[in-house]
Amino acid sequence: MRVYDTEITLPLFLGTAQYPSPAILQEAIAVSRCEVVTVSLRRETVDGTGAAFWDMLRATGTRILPNTAGCHSVQEAVTTAQMAREVFATDWIKLEVIGHADNLQPDVFALVEAANILVADGFKVFPYMTDDLVVGEKLLEAGCQVLMPWGAPIGSGQGLRAPDALRAMRAHFPGVPLIVDAGIGRPSDAVQAMELGMDAILLNTAVARAGDPVGMARAMALAVEAGRAGHAADPIERRDIAVPSTPVLGIAELM
Amino acid sequence: MQITVNAKPYDISAETLGAALAELGFASPAIATALNGRFVPTCARDTILLATGDQLEVLAPMQGG
């Protein structure tokens, strides 16, 4: 996948929160061969805990995609993005503007407004969005070169609640990188998303909260590759009736 | 003067944002600052003057998804 002039081999982006320990996070990144990880900004304490985490993350050699997680307004998201650009020394930003407290769905109106401001300010915006075609169009008009539709609410692990909507996005935005962000729970969800023609998956909870996060990171890496290969190999259409695989011609009469 | 730093009240004698960070003990290079909701880049900290009632946010890298 090519996104903002960067070639990414493994179509799996990992969040860095909720792991049992920093060492397990590091191992999950290494085992999955994940190339992009997402990080946040939070209030610093005078003991400088943020710097230690940042040093650890840099040592993994992954590309950093800072996010604006938890922002509920355009101003909060824009300010957070500007702060992240300075600390992480990248113009990449995963733009989240949360609109609803229960399902954490994005406020797509504020999202488009913030995307316009950030693109004009030189950011390369990765917008966390619903699976709405019109919102996608507005984000592309704003200058986003990638779209990140949700599969299901953040952390829910429900998988793809609306595969048809993602299929429609794929058909409607043929050349645009599409990354399913949020909702993936199991490797089969990741396979399904990739088979639909999505370009990558971004997930966190499914790996970090698994009984064996490192094992799940490995499974997710295999899943995205299997799904991508399956999509590229052009799957057959589903049929309602059976069709024999073995030729009928030449069958013996043994009655 | 009284300012708020990361939602807690502080009484500081520093006049600039840069001096306030030093006075408060924020020594890490991996921090970003916002004053009253607006980003203040590192290069501007020493010229930004604080006023009573200012709200300062000092953020650092943290785990996120």
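Which side chains meet in a salt bridge at 2.6 Å, N to O? Select B:E57 and A:R43 to see the pair. A salt bridge here is a side-chain nitrogen of Lys or Arg within 4 Å of a carboxyl oxygen of Asp or Glu.

Before going further, a word on what you are viewing. This is a predicted model, in which local features need pLDDT of at least 70 and side-chain atom pairs count only at pLDDT 80 or more, while totals for chains, interfaces and linings use all residues. Residues are numbered from 1 along each chain as its sequence is written, chains are lettered from A and ligands numbered from 1 in the order in which they are written, and side-chain values use heavy atoms, with hydrogens and water left out.

**Stop 1: around the first pair**

B:E57 sits in strand β5 of chain B and A:R43 in strand β4 of chain A, so the pair crosses between chains. Helices (H or I, at least four residues) and strands (E, at least two) are DSSP runs, numbered from the N terminus. B:E57 is partly exposed at 24% relative accessibility, and A:R43 is partly exposed too, at 42%. Buried means under 20% relative accessible area and exposed over 50%, with partly exposed in between (1.4 Å probe, protein chains only).

Now select β4(A) and β5(B) together. These strands run antiparallel and are joined by five bridges; two strands pair if DSSP finds at least two bridges between them. For one point along this pairing, pick A:R42, which stands opposite B:A60.

**Stop 2: a buried threonine**

Next, select A:T38, which is also in strand β4 (residues 36–43) of chain A. With a relative accessible area of 0%, A:T38 is buried. Which residues does A:T38 contact, leaving aside its neighbours within four places in sequence? Among them are A:L14, A:L65, A:K94 and A:L202, along with B:G64 and B:G65 from chain B. Contact means heavy atoms within 4.5 Å.

**Stop 3: the whole interface**

A:E86 is partly exposed at 26%, whereas B:R45 counts as buried at 10%.

**Stop 4: a salt bridge inside chain A**

Move to A:D91 and A:K124, whose side chains meet in a salt bridge at 3.1 Å, N to O. A:D91 lies in the loop between α3 and β6 (92–95), and A:K124 in strand β7 (residues 124–129), so the pair ties together parts of chain A that are 33 residues apart in sequence. A:D91 is partly exposed, with a relative accessibility of 25%, and A:K124 is partly exposed at 25% as well. Select A:R33, A:E225 and A:R228 next, which salt bridges with shared partners join into one network. Over all chains, the structure holds 12 salt bridges.

**Last stop: a three-strand sheet**

Finish with β6, β7 and β8 of chain A, an open sheet in the order β6-β7-β8 with parallel pairing. β6 and β8 (148–149) stand at the edges with a single partner strand each, so one side of each is left without a neighbour in the sheet. Four bridges pair β6(A) with β7(A) in the parallel sense. To place one of these strands against the other, select A:L95 and its bridge partner A:P127 in β7(A).
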